[in-house]
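Please look over the structure below with its charged and aromatic side chains in mind. The briefing after it goes through them topic by topic.

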Amino acid sequence: MPDSIVIIPTYNEKENIERMIRKIFSLPHDFHLLIIDDGSPDGTASIVKALQLDYPGKLHIEERSGKLGLGTAYIHGFKWAVKHQYDFIYEMDADFSHNPDDLLRLRQACVEGADAAIGSRYIKGVNVVNWPMSRVLMSFFASVYVRFITGIDIQDSTAGFMCYRRKVLETLNLDKIKFVGYAFQIEMKYTTIKHNFKVVEVPIIFTDRTAGTSKMSSGIFKEAFFGVIQMRINSIFRKYPEG
């Protein structure tokens with residue numbers, strides 16, 4: 001049984017998904033892959049299911065009806081991966097903004113003792129390619145804001161490229177993770193740290209998508225801005241068991 005599974009949520013990613021799947025399976029480690037597709041009308045799920053013939057037992061898909069949110073897709077995937085006893089559980093985007101080669105570096109960080117590893121855009125300066133300056137500033141200062149409100153020492157708190165050891169996801173009460181966009185990523189990191197797990201940041205270069213459509217919206221950003229305050233207040237009254 002391979003020790004690693006990569007979870008990728010999809011919605012209308014037909015331009016990217018086959019290339020991403022083949023790239024991950026070409027890496028010099030035996031990764032499995034779980035696609036969580038939210039009823040993509042462009043046929044993304046059909047592409048994945050056709051490729052399952054090429055990668056039997058390694059490529060998995062869970063289909064959901066309609067756009068239910070990034071956070072709920074990852075929670076669905078985390079529970080699936082824990083049930084199937086994978087030791088290293090990854091999250092990443094389908095659009096190549098996260099370089100699949102960096103999966104190996106995230107895994108190595110966890111092998112060397114981290115409980116969770118973040119593919120960080122900001123741990124060594126600002127490593128973002130093809131984003132407009134307004135988006136770079138919004139993302140960078142969102143992490144500054146999170147550090148100020150929560151006190152956690154994470155440079156890229158909204159990062160969506162992660163590796164978790166299974167014990168982290170087994171310990172966290174995933175049903176209590178409620179946010180769906182940027183705030184989901186922040187809440188997962190905050191809750192992991194509050195459980196006294198060791199979180200490290202691994203520097204990556206983030207390259208904006210060249211195919212498909214971004215899922216970013218003002219509603220997602222607003223959820224993050226107000227959600228961080230709500231999360232911090234709620235944490236005062238919550239007891240976190242140690243990891």
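Lysine 79 is partly exposed, with a relative accessible area of 39%, where partly exposed lies between buried (under 20% relative accessible area) and exposed (over 50%), computed with a 1.4 Å probe and protein chains only. This is a predicted model, in which local features need pLDDT of at least 70, side-chain atom pairs count only at pLDDT 80 or more, and totals for chains, interfaces and linings use all residues. Residues are numbered from 1 along each chain as its sequence is written, and side-chain values use heavy atoms, with hydrogens and water left out.

**Salt bridges**

- A salt bridge is taken as a side-chain nitrogen of Lys or Arg within 4 Å of a carboxyl oxygen of Asp or Glu, and the count by this rule is 13.
- Aspartate 175 forms a salt bridge with lysine 79, and their closest N and O atoms are 2.5 Å apart.
- Because aspartate 175 lies in the loop between α6 (166–171) and α7 (182–194) while lysine 79 lies in helix α3 (residues 70–83), this pair ties together parts that are 96 residues apart in sequence; helices here are DSSP runs (H or I) of at least four residues and strands (E) of at least two, numbered from the N terminus.
- Aspartate 175 counts as partly exposed, at 46% relative accessibility.
- Lysine 23 and aspartate 101 also form a salt bridge, with the closest N and O atoms 3.0 Å apart.
- Lysine 23 belongs to helix α1 (residues 17–25) and aspartate 101 to the loop between β4 (88–91) and α4 (103–111), so the pair ties together parts that are 78 residues apart in sequence.
- A network of salt bridges links Glu18, Arg22 and Asp54.

**Aromatic rings**

- Rings of Phe, Tyr and Trp (its six-membered ring) pair if their centres lie within 6.5 Å, and planes under 30 degrees apart count as stacked, over 60 as edge-to-face and the rest as tilted; this rule gives 6 aromatic pairs.
- Tryptophan 80 and tyrosine 86 form a stacked pair, at 6.4 Å centre to centre with 15 degrees between the planes, and both residues are buried.
- Tyr74, Phe78, Tyr164 and Phe184 are linked into a cluster by ring pairs.

**Charges over rings**

- A charge sits over a ring if NZ of Lys or CZ of Arg is within 6 Å of the ring centre and within 35 degrees of the ring normal.
- The charged end of arginine 19 sits over the ring of phenylalanine 96, 4.0 Å from its centre, and lysine 67 lies over the face of tyrosine 11, 4.7 Å from the ring centre.
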